[in-house]
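Subject: Structure handover

Hi,

Here is the structure I promised to pass on. My notes on it follow below.

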Amino acid sequence: MLALGSTVISQNQHRRMAIPALFVACVIVFFIALSKGGVVISISEIISIINQTADDELKHAIIWQIRLPRLILAMIVGAGLAACGAAMQAIFRNPLADPGLIGVSSGAALGAVATIVLGTSLFANFSDSLGIYAVPIGAFLGCIGVCVFIYRLSAHSGQFTIISLLLAGIAVNAIVGSLIGVLTLISNDQQLRDLTFWSMGSLAGNHFAMMLPTIALIIFSCMALLRLGKPLNLYLLGEAQAKHLGINVTKLKKQVFIYTALCTGAAVAITGIIGFVGFIVPHIVRLVLGPDHRYLMPTSILGGALLLSLADLFARTVMLPAELPIGLITSAIGGPFFLIMLLKTYQRRG
Amino acid sequence: MLLGTNLTAKIGCKTLLDNVNFMVKPHEVVVIIGPNGAGKSSLLKALCGDIALTGGAVSINQQNLDDYSIAELAQLRAVLTQNYELDFPFTVNEVVDMAHVAHQEQFSNTALKRFSNNAMQALGVYHLAQQCFTRLSGGEKQRTQLARVLCQLQPSLINKQSAYLLIDEPTSSLDLYHQYEVMTQARDIAKQGAGVVAVVHDLSLAASFADRLYMMDEGEVVASGTPEEVLSQTRLNEIYKINAKLQIGLNDTLPHILINKKAC
């Protein structure tokens with residue numbers, strides 16, 4: 001009984017400590033990530049550069065045009081993916097779920113690959129008028145298109161059932177996969193290279209103007225998902241049970257679907273596919289803090305920001321001057337982690 | 001009063017409920033019995049608004065079920081269903097606290113906390129409060145869920161509102177002691193002013209705790225009234241195809257179904 005009491009106290013303490021601790025960790029990683037790289041810039045220099053009081057042109061450019069946009073993007077995208085992962089795991093009532101299940105990633109991939117491959121022929125107008133924005137916009141449109149399709153398949157006669165959402169997601173993922181295959185087949189060498197790198201994900205080469213819509217969409221969706229913490233807790237009891245406790249379950253499912261599609265779509269559009277962040281972060285948080293979404297959501301958001309900025313720091317410093325695709329790093333961490341989780345689950349169930 | 005009039009429900013060509021009339025008043029325990037597939041759970045679901053009716057209507061306190069919002073209904077009635085899908089490691093206390101959402105605007109956190117504690121004590125799960133729900137035994141899980149619905153009803157009972165508790169086979173995975181304990185609890189909730197509707201399989205248990213019984217078969221109510229009226233020898237033979245009779249409390253015992261050696 002005593003031991004029992006102490007584990008509970010520690011979980012409560014963890015909950016209270018988690019948000020400030022993660023916040024401090026994010027700030028520390030923020031400064032380390034700005035200082036490390038091909039050119040090492042000291043913390044005091046960073047502060048004077050951010051305050052616009054330094055006069056080293058080169059370092060000023062490195063911080064403002066390369067490292068800061070990239071770091072902010074890493075943090076925002078990490079936060080968004082983790083929040084969506086937590087919401088998906090709740091809505092599928094399955095700790096192994098991930099936003100890919102509802103076709104967001106495959107839709108974005110289809111849009112991006114179509115823009116890359118057909119950008120010189122069929123979509124020449126689209127590509128020419130949008131320039132470097134063409135691929136992100138194509139990806140976002142693809143994602144929204146596929147999500148609307150899946151949504152229409154799952155919502156009928158006032159119902160929105162999770163099983164039909166899952167089945168529609170699986171079917172549409174397969175169809176989209178074959179379409180991407182066809183596009184890959186007809187692509188030339190340069191296009192093949194581009195689309196391969198797109199699908200491994202990258203945080204590089206974005207400036208603030210390009211990131212702004214993504215950042216705005218992700219922040220909006222995260223705020224919206226944060227407010228759903230309590231209803232999501234009740235939803236885990238079962239749909240009928242949540243309804244009997246006074247939750248409008250259909251509305252809740254639709255909200256989660258829409259915010260997740262917007263948030264993941266915005267993230268994937270600009271960075272390509274970055275796997276496993278949305279799956280691992282909420283999972284680790286749940287192991288430490290328990291399943292209560294009122295804590296799980298904010299800590300997942302901070303944890304996602306921390307994990308992706310760390311992974312990116314690693315990706316761009318470990319093999320200087322070359323850099324690893326960020327998707328490789330997160331999958332390299334995520335894959336083994338996933339296996340360990342599965343094995344542990346089986347062991348526990350005996 | 002929770003009232004169902006001419007309830008009819010069909011799925012495809014299968015009739016789940018056929019012109020069923022049902023009523024439960026505050027302070028009353030009403031038990032629905034019947035063989036497998038008789039439509040007991042369908043009736044309960046119709047009364048909570050979980051299945052679409054093809055005919056008839058349900059009203060609570062003279063107002064149609066459809067005219068209440070989901071949140072308003074949660075303050076008037078609590079429902080305990082057969083299945084729990086909860087596969088996430090919430091503690092017992094957290095599960096019971098989930099009932100707060102229905103009343104969080106009218107009551108302070110301390111008051112809500114007290115409702116949880118009372119409910120957990122009443123169902124004998126207070127000592128498990130910090131245990132993980134997913135690791136409990138079937139019976140402990142069921143008592144925890146019952147504590148949750150009790151917690152949901154308490155504010156209405158204190159305010160002397162007519163509230164209702166609907167339970168689908170509350171005793172299915174409980175041992176004998178806890179079966180009677182749970183039904184005693186249901187009686188107690190009725191005494192505090194709630195109308196209780198329960199689907200129960202065990203006829204002896206039903207006869208022991210119900211004020212009135214509704215016996216169903218093939219989607220229809222075939223008999224209703226006090227246990228003595230409903231559980232007659234001929235009806236047990238007709239509906240359940242067993243040769244049995246109801247033995248009303250000898251000395252200090254509760255009513256019991258006695259089954260003849262040549263059962264069928």
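Start with helix packing in chain A. H9(A) passes H12(A) in a left-handed crossing. Bear in mind that this is a predicted model. The axes of H9(A) and H12(A), residues 249-271, come within 9 Å and cross at roughly 150 degrees. That angle makes H9(A) roughly antiparallel to H12(A), because angles over 145 degrees count as such.

On the H9(A) side, the residues that meet H12(A) are A:Met211, A:Thr214, A:Leu217, A:Ile218, A:Ser221, A:Cys222, A:Ala224 and A:Leu225. H12(A) answers with A:Tyr259, A:Leu262, A:Cys263, A:Ala266, A:Ala267, A:Ala269 and A:Ile270. By class, the contact of H9(A) with H12(A) has 13 nonpolar residues, two polar and no charged.

H9(A), residues 208-226, also packs against H3(A), residues 57-91. Here the angle is about 30 degrees, and the axes are 10 Å apart. H3(A) and H9(A) are therefore roughly parallel to each other. H3(A) passes H9(A) in a left-handed crossing. From H3(A), the contact uses residues including A:Pro69, A:Leu73, A:Ile76 and A:Val77. From H9(A), A:Phe208, A:Met211 and A:Ile215 are among them. The contact of H3(A) with H9(A) divides into 13 nonpolar residues, two polar and no charged.

Now the sheet in chain B. Six strands form an open sheet, ordered E6-E7-E8-E3-E9-E10, with mixed pairing. E6 and E10 (220-225) of chain B stand at the edges with a single partner strand each, so one side of each has no neighbour in the sheet. Neighbouring strands of this sheet are turned by 15 degrees against each other on average, direction ignored.

E9(B), residues 212-217, runs antiparallel to E10(B), and five bridges join them. Within E10(B), B:Gly225 is the bridge partner of B:Leu213. H5(B), residues 138-158, lies across E6 and E7 (164-168) of chain B. H5(B) runs at about 175 degrees to E6(B).

Last, the contact between the chains. How many residues does each chain put in? Chain B gives 23 residues and chain A gives 20 residues. On the side of chain B that touches chain A, the elements giving two or more residues are H2 (70-76) and E6 (77-80) of chain B. H2(B) gives the most, with three residues. By class, this side of chain B has 15 nonpolar, four polar and four charged residues.

Best wishes

Notes. Residues numbered from 1 in each chain as written. Chains lettered and ligands numbered in written order. Predicted model: local features only at pLDDT ≥ 70, side-chain atom pairs only at ≥ 80, totals over all residues. Contact = placed C-beta atoms within 7 Å. Helix = DSSP H or I, 4+ residues; strand = E, 2+ residues; numbered from the N terminus. Nonpolar A, V, L, I, M, F, W, Y, C, P; charged D, E, K, R; others polar. Axes fitted to C-alpha atoms, helices over the stretch in contact; angles between N-to-C directions. Parallel < 35°, antiparallel > 145°, perpendicular 65-115°, else oblique. Left-handed = near helix turned anticlockwise from the far one by under 90°. Pairing = 2+ DSSP bridges.
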